[in-house]
Amino acid sequence: MCAALCAALAACSGQDSLGPKGSALSSEAGDSGADSKAPQGQKDTEKDSQDSQSASEEEPNPKDSEGSVKDMEPLLGPDATDEELLEVLKEETTVVADADYAAMIRSFQEDTNNHVGKIYQIEGTYVVEDGIPYLSRADVDGDTQKPCRIPLKYVMEEPEEGAWIRVTGILNRGEVGTKVVPLLEVTVLQLPKTPGQAEPPAQ
């Protein structure tokens, strides 16, 4: 609209009465006499059009940025394997060592804010209780051991209960029963051939 308006005004202002400069806003237009000056309303319209055109040239075109986003290719295609996904996430993934399992689960529960949104890889036994899947291992204290577990969310293909699993997922909060607790949102669930813990986990 601004370009069309400017073209129309340029056609009107290009008459001989405006002198050689062809612009009613030129400071030299006064040399042609009072009759050569354009009406005040036309001056204001031309000035507004020029201001609008300058502003539109300076502002970034939202379509350009939108197009650049659309042109970005995804890191992985829809047929990507778990191994390819893990490779992409490797730099952001914290692998929880066997000896640190119980301490990390307690940290998830007691210092949740420090872990939410981060990616962890943990091994343990797959357990289901009241329809809720868990990753569970034994928390050994002297001669006693008790289950130390964390709920799992988004388990797409459930393994056999009691199977040893390796979960790579994002720590978040979610509802379990009537409580909001920390849980792992599963990104990749694997069945490693060799368990990472010698003693059988409590269930």
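**Notes on the predicted model**

1. I start with R173, which, leaving out residues up to four places away in sequence, touches T112, N113, V116, V180, V181, P182 and L183. R173 is found in strand β5. The C-alpha atoms of R173 and N113 are separated by 9.5 Å, although the two residues are 60 apart along the chain. R173 is partly exposed, with a relative accessible area of 39%. Please keep in mind throughout that this is a predicted model.

2. On the overall layout, the protein chain holds 5 helices and 6 strands. Read from the N terminus, the order of the elements is α-α-α-α-β-α-β-β-β-β-β. Of the 203 residues in the chain, 31% are buried. The accessible surface comes to about 13,500 Å², and carbon and sulfur atoms account for 49% of that surface. Taking contacts between residues at least 6 apart in sequence, 61% join residues at least 24 apart.

3. Strand β2 deserves a point of its own. Strand β2 covers residues 119–129 and is mostly covered, with 9 of its 11 residues buried. Which strands does β2 pair with? Strand β1 (residues 93–95) pairs with β2 in the parallel sense, over 3 bridges. Strand β5 (residues 164–176) runs antiparallel to β2 and is joined to β2 by 7 bridges. Strand β3 (residues 132–141) also pairs with β2, in the antiparallel sense over 5 bridges.

4. Q121 in β2 stands opposite V95, and the bridge partner of Q121 in β5 is T168. For T125, the bridge partner in β3 is S136.

5. Two connections around β2 are worth checking on screen. Strand β1, helix α5 (residues 101–110) and strand β2 make a right-handed β-α-β unit. Strands β2 and β3 form a hairpin with 2 residues between them. D130 in that turn has a positive phi of about 55°.

6. Next, the charged pairs. How many salt bridges does a search of the whole structure find? The search finds 5. One of them joins R106 and D139, with the closest N and O atoms 3.1 Å apart. R106 lies in helix α5 and D139 in strand β3, so this pair ties together parts that are 33 residues apart in sequence. R106 is partly exposed at 36% relative accessible area, whereas D139 is buried at 15%.

7. A salt bridge also forms between E123 and R166, where the closest N and O atoms are 2.9 Å apart. Because E123 lies in strand β2 and R166 in strand β5, the pair ties together parts that are 43 residues apart in sequence. Is E123 buried or exposed? E123 counts as buried, with 14% relative accessibility. R166 is partly exposed, with a relative accessible area of 22%.

8. E129 and R149 meet through their side chains in a salt bridge, at 2.9 Å from N to O. E129 is in strand β2 and R149 in strand β4 (residues 144–153), so that distant parts of the chain, 20 residues apart, are linked. Both residues are partly exposed, E129 with a relative accessible area of 36% and R149 with 24%.

9. Leaving aside neighbours within four places in sequence, F108 is in contact with H115, Y120, I122, I150, L171 and P182.

Key: Residues are numbered from 1 along each chain as its sequence is written. This is a predicted model: local features need pLDDT of at least 70, side-chain atom pairs count only at pLDDT 80 or more; totals for chains, interfaces and linings use all residues. Side-chain values use heavy atoms; hydrogens and water are left out. Buried means under 20% relative accessible area, exposed over 50%, partly exposed in between (1.4 Å probe, protein chains only). Helices (H or I, at least four residues) and strands (E, at least two) are DSSP runs, numbered from the N terminus. Two strands pair if DSSP finds at least two bridges between them. A crossover is right-handed if, with the strands pointing away from the viewer, the path from the first strand over the helix to the second runs clockwise. A salt bridge is a side-chain nitrogen of Lys or Arg within 4 Å of a carboxyl oxygen of Asp or Glu. Contact means heavy atoms within 4.5 Å. Accessible areas come from the Shrake-Rupley method with a 1.4 Å probe; for residues, only the protein chains shown count as cover.
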